[in-house]
Amino acid sequence: MEVESSGLVRFENVGMRYGRGPEVLRDVNFHLEAGSFHFLTGASGAGKSSLLKLLYLAHRPSRGIVTLFGQDLTAAGRAALPGLRRRIGVVFQDFRLIAHLSAFDNVALPLRILGLREEAVQAQVAELLAWVGLGDHLAARPATLSGGEQQRVAIARAVIGRPQLLLADEPTGNVDPDLAQRLMHLFLELNRLGTTIVIATHDEHLVAGTGRPVLRLAGGELRLLPLPHEAR
Amino acid sequence: MLARRSDLQLEGDAAGRFLPWVIAVMVFLAALALAGGLGLGKALAGWDQSLKGSLTAQIVDAGGTPAPEKVQAALVLLSGTPGVEMARALDRHAVEALLEPWLGQANLTPDLPIPTLIEVRLEPGASLSTAALARRLEAAVPGARLDDDRTWLAPLIHLTEALRALAAGIVVLVGLATIAMVIFATRAGLAVHREVIAVLHLIGAHDGYIARQFQSHTLWLALKGGLPGLAAAALVLLALRGLGGGMQAALLPPVTLGTGAIAALVLVPLVAALLAVLTARFTVLGTLRQMP
């Protein structure tokens, strides 16, 4: 996919490697417009997680230019990263909930890091956890929650700060089909409210069901698949 | 500097369990060394003040108490010497009071031959040759001798100054050891909580947010160790004071602590806590700076 405008995210000839190993991403070019919704697919080891790491700023590209929210990351210092990360919500594949914190405190973290008053934190977190169906699990530690409940806590933490960009790595991988469908509705609703969304998934049914554009990674290279109606 | 709650659960760290003990010992040692140094400094100033410009003449007579004429002649000579502010003979009671700690009350019999002592005070800044004055006195009054108090005090002053330097060195070493231990404990904490710190970073936490949690925890540990350490040092100092009280000030003015020194001792755990907090902060910031 060629770059045509600046967009919310822009990759130009991006390559990435871990240490001195081989490139896991090669000459990746794409851009995401604000408010877009994309799936990111590919076989295991194709580089989906690596691409997400670049997007949520856990890793720097080894070459090429990444522009996020109009800011060139190759020129951005380390001090600029927290401000950018606060505009990104991430649902990790393994959730990465903090084990000793309650569901409430896990979801409250982004707001507390932002320095919000505790009254505002209490109100927003309680409301969001109720919205994802965990209103009666506020004090529960992650270990006492089911996989699906942990998934919802992770999603709530990712969206509580109203990010401009939401990244989700296999967000329906640990839940039953019914819950997967409900989570997809949640993502679509967030997208409708203006959040740009990228979902990495293996779930072909999930991808087919929404009719959203798909970025496919294969052998470290990225291409945009045609939409079903375009393919016909 | 203080965070109200901890996202990292640092309370459970093994390193956190030994840090209060280490800081207690460090504060204990630092407080004792500081008390020693400040006490000796005060004593040194007192000795210097009381002995600076003072001489003692003694007139010995083999037959017993020296003849008043000899004492008078010595007083005239000493008083008339340029640079001498005052010369006064101590009466027998005053001399006996000086000898009593050494000889005991029972041995101070009336027939004991006791020399007459003359206290000589020099004018401030007087450039008087005590050796020349001693020679003149011995020539004019047989059996007279002039002692410069500074002569026997000099080695003691040098020893005291060396002990003060040693005390200062101990305080510095204790401070450095405290810094090293806090660095070790903080790095251990950073390693243990690496995963959670990574998550905090990814959801937008500044390094300062994470550092504040370590600072808050370290402050608590430092006070938890430092205050008992100071209390233990205070008990030891009180015990030493009780032991030293029996010696009296027969030889020299006593070694005591002034209000300023006591205030400085109270500050020791607070300074240790501040040192620990700053060390924790800079260790966290320095380590996190190397993360992506």
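## Strand pairing around S9(A)

In this predicted model, strand S9 (residues 214-218) of chain A pairs with strand S10 (residues 221-225) of chain A in the antiparallel sense, and five bridges connect S9(A) to S10(A). Within this pairing, A:Leu215 has A:Leu224 of S10(A) as its bridge partner. The two strands form a hairpin with two residues between them, and A:Gly219, which lies in the turn, has a positive phi of about 60 degrees.

S9(A) also pairs with strand S3 (residues 37-42) of chain A, in this case in the parallel sense and over four bridges. One residue pair that illustrates this pairing is A:Gly42 with its bridge partner A:Leu217 in S9(A).

## Helix H1(A)

Eight of the eight residues of helix H1 (residues 48-55) of chain A are buried, so the helix is largely enclosed by the rest of the structure. The buried residues include the leucines A:Leu51, A:Leu52, A:Leu54 and A:Leu55, and also A:Lys48, A:Ser49, A:Ser50 and A:Lys53. After H1(A) comes A:Leu57, for which phi is positive, near 65 degrees.

## The chain as a whole

Chain A contains eight helices and ten strands, and its C-alpha trace spans about 45 × 45 × 35 Å along the principal axes. The radius of gyration of chain A is 18 Å, which agrees with the value near 17 Å that a compact globule of 232 residues would have.

Of the 232 residues in chain A, 39% are buried. Among the contacts in chain A with a separation of 6 or more, 69% are between residues 24 or more positions apart.

Key:
Residues numbered from 1 in each chain as written. Chains lettered and ligands numbered in written order. Predicted model: local features only at pLDDT ≥ 70, side-chain atom pairs only at ≥ 80, totals over all residues. Buried ≥ 20, exposed ≤ 12 C-beta atoms within 10 Å, placed from the backbone. Rg over C-alpha atoms; globule rule 2.2 N^0.38 Å. Contact = placed C-beta atoms within 7 Å. Pairing = 2+ DSSP bridges.
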